[in-house]
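Reader: Please show me the model, and let us then discuss the terms applied to it.

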Amino acid sequence: MPQTIHRGIKSLIDEANAEIETVSAADAIKAAQSADVVIVDIRDPREIERDGKIPGAFSCTRGMLEFWIDPASPYAKPIFQEDKKFIFHCAGGMRSALAAKTAKDMGLKPVAHMGGGFAAWRDAGGPIEKWEPKKPKG
């Protein structure tokens, strides 16, 4: 018997967008110049390797988000404890809406997401750098 999904992805994204701030790519490009803003890239590492990244963006896969935000988690990242504005982005703006809502629900603030994601950033002429793998130590 097939599963019956009562709240699909469209509903979840619509609910998230109703509760979070959405910034345009043009506004995110300006905001990224500020030391008080962290651009959080929640794309999969394969996407970043293939398409490049926003210079200075902090990479956090969607699957680790909650663990990296929570200061009580053994995986907590200090960047999420800073008094900054966090603008989440993904490839097209759907995952980042869900991520921003989750971060907001956890108490992280202020948070937003970039409408249209990395594609909108690229199309708006935002700077992009090639992803460089970490060099092995030794």
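Reader: What is the bridge partner of Val-38 in β4?

Author: The partner of Val-38 in β4 is Phe-86. This is a predicted model, in which local features need pLDDT of at least 70 and side-chain atom pairs count only at pLDDT 80 or more, while totals for chains, interfaces and linings use all residues. Residues are numbered from 1 along each chain as its sequence is written, and side-chain values use heavy atoms, with hydrogens and water left out.

Reader: Why are β2 and β4 called paired?

Author: Two strands pair if DSSP finds at least two bridges between them. Strands here are DSSP runs of E with at least two residues, and helices are runs of H or I with at least four, numbered from the N terminus.

Reader: What joins β4 to β5?

Author: Three bridges join β4 to strand β5 (residues 111-114), in the parallel sense. Within this pairing, Ile-87 has Ala-112 as its bridge partner in β5.

Reader: Why is Ser-96 called buried?

Author: Buried means under 20% relative accessible area, exposed over 50%, and partly exposed in between (1.4 Å probe, protein chains only). Ser-96 has a value of 0%, and is therefore buried. Ser-96 lies in helix α5 (residues 94-106). In strand β4 (residues 85-89), four of the five residues are buried.

Reader: Which peptide bond is cis?

Author: The bond from Lys-109 to Pro-110 is cis, with omega near -10°. Pro-110 is in the loop between α5 and β5.
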